[in-house]
Amino acid sequence: MTEPSAFDDVGRSAHGPASLDRPSVLLIAEERSAGADAIQACHARLLGPVAWTEAEMRLQHQGLCRAILAEASGVPDAVLERVLPLIADLVDAGDASAIIVFDPAQIDCVAGSIGSAPIELLCSPTTTERVASLYLALAPTAQRLHDIGGTPDSVRLMRLNEEIARIAETLTRLTRGEDEMSRPTSVSDPGLTYRAGPLLERPDIRVRDVRNAIRARRLRDQFFGPGLFEDPAWDMLLDLFAAELERVQVSVSSLCIAAAVAPTTALRWIARMTDAGLFERHPDPFDRRRAFMALSSHASLGMRNYVAAARHVGATIG
């Protein structure tokens with residue numbers, strides 16, 4: 001499939017015929033925005049901007065493009081609920097990658113509207129983060145990452161999957177009754193390993209103990225400042241585990257708050273943890289603008305075995 005000539009005219013008028021050799025990005029925005037500047041910074045071909053009121057028709061007839069950049073800040077929820085599922089369908093079909101930029105108050109609406117589609121979500125992003133995410137969407141191969149390899153945002157993006165894989169492997173061992181430190185690594189002292197030993201029984205787990213562990217983790221920030229002890233994966237695991245024990249539901253926005261990091265960072269962790277099979281997403285049957293997050297059965301068993309193992313060796317939950 002090729003792009004309609006009207007779409008090509010946008011590229012020619014903006015950059016000349018040579019721009020047709022560049023990857024194209026469809027910009028959905030009410031006006032020329034920071035998204036357009038980010039597209040130009042990545043040397044991509046700008047298609048648009050297309051107003052949100054016209055986005056439904058455009059997406060239904062959109063030809064091939066490498067990526068879609070949707071600037072959703074300030075757009076009414078009712079409009080997002082109509083347009084974002086169309087973007088998600090294109091991404092699920094493999095026709096394009098997508099990035100959605102939005103405000104903190106829109107987290108639940110955006111997350112609920114895209115379902116499980118692998119879309120990059122940027123909540124009030126910095127200029128560097130916007131450009132880095134778009135660059136990665138346009139140039140996924142490693143040989144083209146050197147241009148942004150030194151920026152903190154892009155480094156964080158590239159290391160997320162490695163960290164999630166480590167967490168998933170740890171919980172897998174915990175479901176088999178093993179402790180993560182029972183296997184020495186090349187940088188550990190073989191004499192300082194910790195093995196919980198066989199668990200004869202799993203004691204009752206009090207939600208108060210889990211909530212106290214969460215409060216203790218937040219207390220560190222009061223005395224040492226924010227950012228020094230960031231560990232969003234574990235903070236979210238603890239929060240979802242406590243919610244499971246309390247039999248309450250956790251929205252995406254609430255889980256972002258529990259992560260104690262910037263919303264964009266939290267959303268990336270949620271996506272990767274879901275992809276790794278540790279989190280599950282459950283749509284709200286009464287409000288399609290919202291989705292609830294929960295531990296998978298695999299992660300739940302790992303957390304229960306972790307708490308039991310910690311008690312077995314006399315350690316606190318942390």
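Reader: What makes α5 and α10 oblique to each other in this predicted model?

Author: The axes of helix α5 (residues 107-114) and helix α10 (residues 252-259) cross at roughly 120 degrees and come within 8 Å. Angles under 35 degrees count as roughly parallel, over 145 as roughly antiparallel, 65 to 115 as roughly perpendicular and the rest as oblique, so α5 and α10 are oblique. As this is a predicted model, local features need pLDDT of at least 70 and side-chain atom pairs 80 or more, while totals for chains, interfaces and linings use all residues. Residues are numbered from 1 along each chain, and side-chain values use heavy atoms, without hydrogens and water.

Reader: Which residues meet there?

Author: Ile-107, Asp-108 and Ala-111 in α5 meet Val-252, Ser-253 and Cys-256 in α10, contact meaning heavy atoms within 4.5 Å.

Reader: Why is the pair of Phe-224 and Phe-229 called edge-to-face?

Author: Their ring centres are 5.7 Å apart and their planes stand at 75 degrees. Rings pair if their centres lie within 6.5 Å, and planes under 30 degrees apart count as stacked, over 60 as edge-to-face and the rest as tilted, so this pair is edge-to-face.

Reader: Is Phe-224 buried or exposed, and how do you know?

Author: Phe-224 has a relative accessible area of 58%; buried means under 20%, exposed over 50% and partly exposed in between (1.4 Å probe, protein chains only), so Phe-224 is exposed. Phe-229, at 28%, is partly exposed.

Key:
Phe/Tyr/Trp six-rings, centres within 6.5 Å; stacked < 30°, edge-to-face > 60°. Axes fitted to C-alpha atoms, helices over the stretch in contact; angles between N-to-C directions. Helix = DSSP H or I, 4+ residues; strand = E, 2+ residues; numbered from the N terminus.
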